[in-house]
Amino acid sequence: MTKAISFQNVSKLYNLGLVGTGTFTNDVYRWFKTAVLRQEDPYMKVGETNDRSTSGNSQFVWALKDITFDVEEGDVVGIIGKNGAGKSTLLKLLSRVTGPTTGVIKAKGRIASLLEVGTGFHPELTGRENIYMNGAILGMTKAEIRSKLDEIIDFSGCERYIDTPVKRYSSGMMVRLGFAVAAHLEPEILVVDEVLAVGDAEFQKKAIGKMKDVSKGDGRTVLFVSHNMTSIRALCKHGVILKNGMVDVVGDVDSVVSQYLRGDSSSDNYKRWETPAIMKNGFELLEIGMRKKGGDYESVIRMDQDMELLIRYRLTKAIDPFWITMHMKNERGEKIFSFGGGGRCYDKKHEAGEYLQTCTIPANFLNWGNYVVDFMAFTQDHHIECLADEQDIISFTVANRQVAIGGYMGKEPGDVTPTFDFVEEKLK
Amino acid sequence: MKQQSEQQEWTTVIKPKRKFFSFGLKDLWRYRDLYSIYVVRNITTMYKQTVLGPLWFFIEPVCSIVMYMLVFGGIAGISTDGIPQPVFYMSGIMLWGYFSACFSSSANVLAGHAGIFGKVYFPRMIIPLATITSNLVRTGVHLLLFIGIYIYYVYHGAPIAPNWTLFLFPVYLIILALMGLSWGLIVTAMTTKYRDLRMFVTFMLRLFMYATPVIYPLSIAAGKSYGRFLKYNPISPFFEAFRYGATGVGTFDWSWMLYGISVMVVSLVLGMLVFNRVEKNFIDTV
């Protein structure tokens, strides 16, 4: 197999904070050090690894650090990573939107990027005019576009509106048109970032089918970034996990995806204290965690399996009444519901000792995605007393169920997907 | 040997730094279709959803002429060297309008198109080149207006007569466009990082108009101490030469024009070099 793309020690340094504050001075200093004194660049050393949650000391950060991997011709590679891991930066470098700080990227053939579909659409122009505009921006010649115009219009499914200004289009139609243009460019290397997140099921099916054709039929190379593990698994042969700007794992897509999901959840879905840290007036929290029912804390929680939340705590004296309340939040931090043992736990006698509460969340209740739990414990004397109030105590990821290729890859709206009892009867 | 054949396979090599002398002309040529589509797009979208449409091209200079006649010709009493005032001012408005439009649109190209540049790569130079081309439409309308005014005054026996140098008019336009473009490229390359420069530049452009023979002929500065400084303005020779060609009154000086052209060539080389250096990473700092 021949290589289509080769990343060799590629790094990208970003300046945090307000660009331009003291930049001129820094520029002069850097120039003086490197050009006059011929020393090493003073700002190249201070860069820290890219971890969004910990605050660093320096103003500079490596969005990517020493990325080295090869992509073979005709391969479809999924790039996986948390927000801020450097996925988009990597694609931006490849599509030449910005340049690397160090290192070299070598590629064979024309590279086209779908960083965002519909780039350069002008609202006043008609769909047809915008096809030309968009195609030319992506690197096609007029003749190429003309020869594929009918195909593009057909693929987009917007024939009826093709001579209407795109400002009258719905956002879905805009995306369809944009993707249709991009899908018909014939680059040797296609860079795709999250296009499948939009559009309806029918269009997603079409888009995925097109991407499969592109890689299979014509032996073209595709780099695909998405948070949607299902579509990554369906489309890609290989996967790369980026973590804090560095390549964490490279390998076969199934193993990479499950490793990612595991790695993603094990960090935060279980906490245990040898010496209690959350404690007040005789209450001590010892352990809290969310896992697949009957599984361990390492395995993936899938939405079509039961899951359980375990809380182990100690009371150093009798506390009555005593109850625990938790809030379930989605990844945007919105509270979805509040839950707790209610009467069954509340009415019990709470003597000194160690306790374990287990809460089972049935399968197909939570949608796939990331969730965060707030933890609170209370007692009541004359008024309610709070024994613990810990925001974001654990977080966990629920993975999508297995979906057959061509099935709906997108996420249904909402945080819960309850399976209500539906009955259909034939009346006449 | 094997090493070498592998080296030749790569068609795209993305490296941190580009060669110093790089104009990116090959890339520009590859994207020539985008250039023509951009020109057409600029023209068709210029006056969509406006009440008066392209009439604005007329209203704007007519109002300016009236204003100039009142303020500069009337109140300030600045001479127009015997050329009828509307003819004189219109020639200045037309040339200055084109130069300043070319300059402003190029000076704003990186910051103004950051959205699209942040998503997809194509030679960024396409956009200013397309804009200076589509700006010609407005200048064309101005030219029609100028011809109308001109014929009216010739018909009424005004003492003006054209000569052969009038045929150099397209050359003057190209020189003004390239001058505006190259100064704009230098400015846009600097304003991605130091944004306050942009305010300074709009202000300077306004002042620069008064250092150019737009509302006065160069002859009124002759013999004055500041006259010498006005001659350093590299775009002035073309304003004067155009007036000379159209009316027979003005300065037509080959060596002075040669000075203007040299400044233009130097700025263009400098502008393209600076722009090509900045365009690669500007999206990080904009």
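Seven of the eight residues of helix H3 (residues 87-94) of chain A are buried, so this helix is largely enclosed by the rest of the structure. The model described here is a predicted one, and a residue is called buried in it if 20 or more other C-beta atoms lie within 10 Å of its own. The buried residues of H3(A) are A:Lys87, A:Thr89, A:Leu90, A:Leu91, A:Lys92, A:Leu93 and A:Leu94. After H3(A) comes A:Arg96, whose phi is positive, near 65 degrees.

**A covered strand in chain A**

Strand E3 (residues 76-80) of chain A is also mostly covered, since five of its five residues are buried. Which residues lie on each face of E3(A)? On one side are A:Val76, A:Gly78 and A:Ile80, and on the other are A:Val77 and A:Ile79, so that both faces are covered.

E3(A) is joined by four bridges to strand E7 (residues 221-225) of chain A, and these two strands run parallel; within this pairing, A:Gly78 has A:Phe224 as its bridge partner. Four bridges likewise join E3(A) to strand E8 (residues 238-243) of chain A, again in a parallel arrangement, and here the partner of A:Ile80 is A:Ile241.

**Where the two chains meet**

Chain A and chain B touch each other, with 37 residues of chain A in contact with 28 residues of chain B. On the chain A side, the elements that give two or more residues are helix H1 (23-36), strand E4 (102-107), strand E5 (111-114) and helix H4 (127-137). Of these, E4(A) gives the most, with five residues.

| Strands joined | Bridges | Direction |
|---|---|---|
| E3(A) and E7(A) | four bridges | parallel |
| E3(A) and E8(A) | four bridges | parallel |

**Chain B as a whole**

Of its 286 residues, 38% count as buried. Among the contacts in chain B between residues at least 6 apart in sequence, 80% join residues at least 24 apart.

Notes:
Residues are numbered from 1 along each chain as its sequence is written. Chains are lettered from A and ligands numbered from 1 in the order in which they are written. This is a predicted model: local features need pLDDT of at least 70, side-chain atom pairs count only at pLDDT 80 or more; totals for chains, interfaces and linings use all residues. Two residues are in contact if their C-beta atoms, placed from the backbone, lie within 7 Å. A residue is buried if 20 or more other C-beta atoms lie within 10 Å of its own, exposed if 12 or fewer, and partly exposed in between; C-beta atoms are placed from the backbone. Two strands pair if DSSP finds at least two bridges between them.
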